[in-house]
Amino acid sequence: MKLSIQSISKSYGGNDLFKDFSLEVASGTRLAVIGPNGTGKSTLIKILAGVNEPDAGRVQSPKGARIGYVAQELDQEDLAKTLLEYVLDALPSWREFWSEWEAATRQNNSAALERLAEKQHEFELAYGYNPEHKAHAVLSGLGFDVARTATRCRPFPAAGANAPNWPEFW
């Protein structure tokens with residue numbers, strides 16, 4: 001399985017951020033997008049995540065693939081969440097799945113139950129039986145100290161002598 005970026009282009013105000021950019025990324029590959037401010041790093045990631053559209057070209061991801069994306073600036077609602085809550089919000093909800101399962105069981109709808117059994121299998125393969133365990137694994141993989149995931153999200157402090165002494169996450 002791979003993510004395929006095919007000849008994408010994006011420009012703002014007549015200035016090309018990138019033109020005819022192509023890349024194939026194998027499943028499990030970790031990439032870093034680095035460069036000076038204003039060169040299109042955030043724009044590229046937004047295109048890959050489906051938040052923005054390229055001016056030309058296309059992005060194809062494997063069936064069932066999910067691309068994680070976190071905005072550079074969070075709103076107050078997100079800042080009030082813990083890191084664990086924030087990651088859990090990005091994972092599919094088992095609550096909705098079990099509601100559908102119960103409704104199909106009450107209605108004795110075998111076709112829906114068969115479809116839901118396949119969906120359950122896919123969820124378990126992708127996210128495990130416990131969404132919190134998966135969220136902890138994601139945070140740990142990103143270098144966060146899992147013991148600190150109950151800490152509320154908040155903006156990073158400005159550098160300098162007057163910056164507050166925030167606890168470190170990693």
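Mentor: Welcome! This protein carries 18 positive and 21 negative side chains, with the centres of the two sets 3 Å apart. Keep in mind that the model is predicted.

Trainee: Which side chains are counted as positive and which as negative?

Mentor: Lys and Arg count as positive, Asp and Glu as negative. That gives the 18 and the 21 in this protein.

Trainee: What secondary structure does the protein have, and in what pattern?

Mentor: There are six helices and three strands, and along the sequence they follow β-β-α-β-α-α-α-α-α.

Trainee: What makes the protein more spread out than a compact globule?

Mentor: Its radius of gyration is 20 Å, while the globule rule gives 15 Å for 170 residues; the value is well over the rule, so we call the protein more spread out than a compact globule. Its C-alpha atoms fill a box of roughly 60 × 45 × 25 Å along the principal axes, and buried residues make up 23% of the 170.

Trainee: Why does Val 51 count as partly exposed?

Mentor: Buried means under 20% relative accessible area and exposed means over 50%. Val 51 has 47% relative accessibility, so it counts as partly exposed. You will find Val 51 in the loop between helix H1 (41–48) and strand S3 (56–60).

Trainee: Which residues is Val 51 in contact with, leaving aside its neighbours within four places in sequence?

Mentor: Those are Lys 46 and Tyr 69. Contact here means heavy atoms within 4.5 Å.

Trainee: How do you know that Phe 97 is buried?

Mentor: The cut-off for buried is under 20%, and Phe 97 has 1% relative accessibility, so Phe 97 counts as buried. Trp 101, at 24%, counts as partly exposed, and so does Trp 98, at 36%.

Trainee: Why is the pair of Trp 98 and Trp 101 called edge-to-face?

Mentor: Rings pair if their centres lie within 6.5 Å, and planes over 60 degrees apart count as edge-to-face. These two rings have centres 6.0 Å apart and planes at 70 degrees, so the pair is edge-to-face. Both residues lie in helix H4, three residues apart, about one turn of the helix.

Trainee: And what makes the pair of Phe 97 and Trp 101 tilted?

Mentor: The structure holds four aromatic pairs. In this one the centres are 6.0 Å apart and the planes 35 degrees apart. Stacked needs under 30 degrees and edge-to-face over 60, and the rest count as tilted, so tilted is the word for Phe 97 and Trp 101. Together, Phe 97, Trp 98 and Trp 101 form one aromatic cluster.

Methods:
Residues are numbered from 1 along each chain as its sequence is written. This is a predicted model: local features need pLDDT of at least 70, side-chain atom pairs count only at pLDDT 80 or more; totals for chains, interfaces and linings use all residues. Side-chain values use heavy atoms; hydrogens and water are left out. Helices (H or I, at least four residues) and strands (E, at least two) are DSSP runs, numbered from the N terminus. The radius of gyration is taken over C-alpha atoms; the globule rule is 2.2 Å times the number of residues to the power 0.38. Buried means under 20% relative accessible area, exposed over 50%, partly exposed in between (1.4 Å probe, protein chains only). The place of a charge is taken as NZ of Lys, CZ of Arg, CG of Asp or CD of Glu.
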